[in-house]
Amino acid sequence: MTKLKIFVCLVLIPLIGISQFVSKYPDIPRIDVHTHVYNNYIDIGNYLAMRNYMLKNYNLDLAMWLNLGAEASIDTINEVSKGRIMTCISDYSPHTGLTHTPADIFRAVEKGYPGYKIWHGPASRRLKEGEPGIRYFDDPSHIPVLNAAEKAPMPLASVHIADPNGPFWDRGKWAADPVEYWRQIIGLERVLQRHPNLVVVAAHMAWLVCQDAQIDFLRYLLSTYPNFYVDLSATFQYFYLVNHDNLRDFLIEYSDRLLYGTDISRLSNESEIPAMAEKYARTFRILETDQIVEGGFFGMNPIKGFALSREILEKIYYKNALKIYPGLKNRMISLGYNTL
């Protein structure tokens, strides 16, 4: 019986510790800049319910979400979300040509859209083998629309470039060919060169996060192009692939260019809220503590936390987003955040 009690304690105590994670920073609002709730109004209600759940159980404030594509119903989404979701215009099939025109960009700014989402990952995920199309982000056909976004101005919101390319021993299931991967990354840099005043937020740290050399190249991009930013969405599960100290130094050095994001999408049932809240909590534990965390928002690879300072966390969680996205600061003020 004694052995059974010891076994139960050894199994349950770590689990209790995980479930009882409580943020030391309840007064820091968090903005998730990379979400995909689209026009799902039931899901939006569950997002709000999850926010209340996290306030109660984790002592943290998930204040707002940027919705990457639900442009037909911006006013309704604002109403249903009680002002906590701002939605962007989007293009998810740019390999056959951007569907938005320069005139669309200016109209979107007038209507209050905070950003323009473009999904420009590998063409192989959108085109059949041998099918003609636009393969890279720097294609000349994009120039008129990007010129309009630069002039409007309209930030590019969580632009998806490339797919993860891991080290030789763990290429992963996404971008196994490093040559094609780097062609995509260089296409991103050419856009930054052509449009120096365009604010570009690259999704998933531009996927320059799965090798230490990639982090070095991301340092180069951020130090060279002052209007370039990256979000952290769907990257936490890859942090184990790189040197912990190198990544921590990067997060601190470029903290004014990083935005918090998850890549969350459907939340169709209330019963899913605790599990989804725990996914969020794991990412916050990684950033706020030095604990070993079993997984990020996705995946379950053990990751040692970075124990970032309050000043750094404030930038990543909300201050950088307020600098970038038009209307976001006023929306936060309208929600009662009057000390931003």
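Two strands are taken as paired if DSSP finds at least two bridges between them. In this predicted model, S8 and S9 are joined by two bridges and run parallel. Within this pairing, the bridge partner of Val230 is Leu258 in S9.

Strand S8 (residues 228–231) is covered on both faces. Phe228 and Val230 lie on one side, Tyr229 and Asp231 lie on the other, and all four are buried. On the S7 side, three bridges join strand S7 (residues 200–202) to S8, again in the parallel sense. Val201 is found opposite Tyr229 in S8. A right-handed β-α-β unit is formed here by S7, H7 and S8.

These strands belong to an open sheet of six strands with the order S4-S5-S6-S7-S8-S9 and parallel pairing. Strand S4 (89–91) and strand S9 (258–259) each have a single partner strand and stand at the edges, so one side of each is left without a neighbour in the sheet. Elsewhere in the sheet, strand S5 (residues 116–120) pairs with strand S6 (residues 156–161) in the parallel sense over three bridges. Trp119 stands opposite His160 in S6.

Strand S1 (residues 29–35) pairs with S2 over five bridges in the parallel sense. Pro29 stands opposite Asp61 in S2. The chain passes from S1 through helix H2 (residues 41–58) to S2, and this β-α-β crossover is right-handed. Strand S2 (residues 61–67) is mostly covered, with seven of its seven residues buried. S2 is also joined to strand S3 (residues 85–87) by three bridges, and the two run parallel. For Leu66, the bridge partner in S3 is Met86.

Helix packing was examined for H6 and H7. Two packed helices are described by the angle between their axes and the distance between the axes. The axes of helix H6 (residues 178–194) and helix H7 (residues 212–224) come within 12 Å and cross at roughly 15°. Because angles under 35 degrees count as roughly parallel, H6 is roughly parallel to H7. The crossing of H6 and H7 is right-handed. On the H6 side, the contact is made by Tyr181, Trp182, Ile185, Ile186 and Glu189. The H7 side contributes Gln214, Phe217, Tyr220 and Leu221 to the contact.

Note on methods. Residues numbered from 1 in each chain as written. Predicted model: local features only at pLDDT ≥ 70, side-chain atom pairs only at ≥ 80, totals over all residues. Heavy atoms only, no water. Buried < 20%, exposed > 50% of the residue type's maximum accessible area, 1.4 Å probe, protein only. Right-handed = clockwise from strand over helix to strand, strands pointing away. Axes fitted to C-alpha atoms, helices over the stretch in contact; angles between N-to-C directions. Parallel < 35°, antiparallel > 145°, perpendicular 65-115°, else oblique. Left-handed = near helix turned anticlockwise from the far one by under 90°. Contact = heavy atoms within 4.5 Å.
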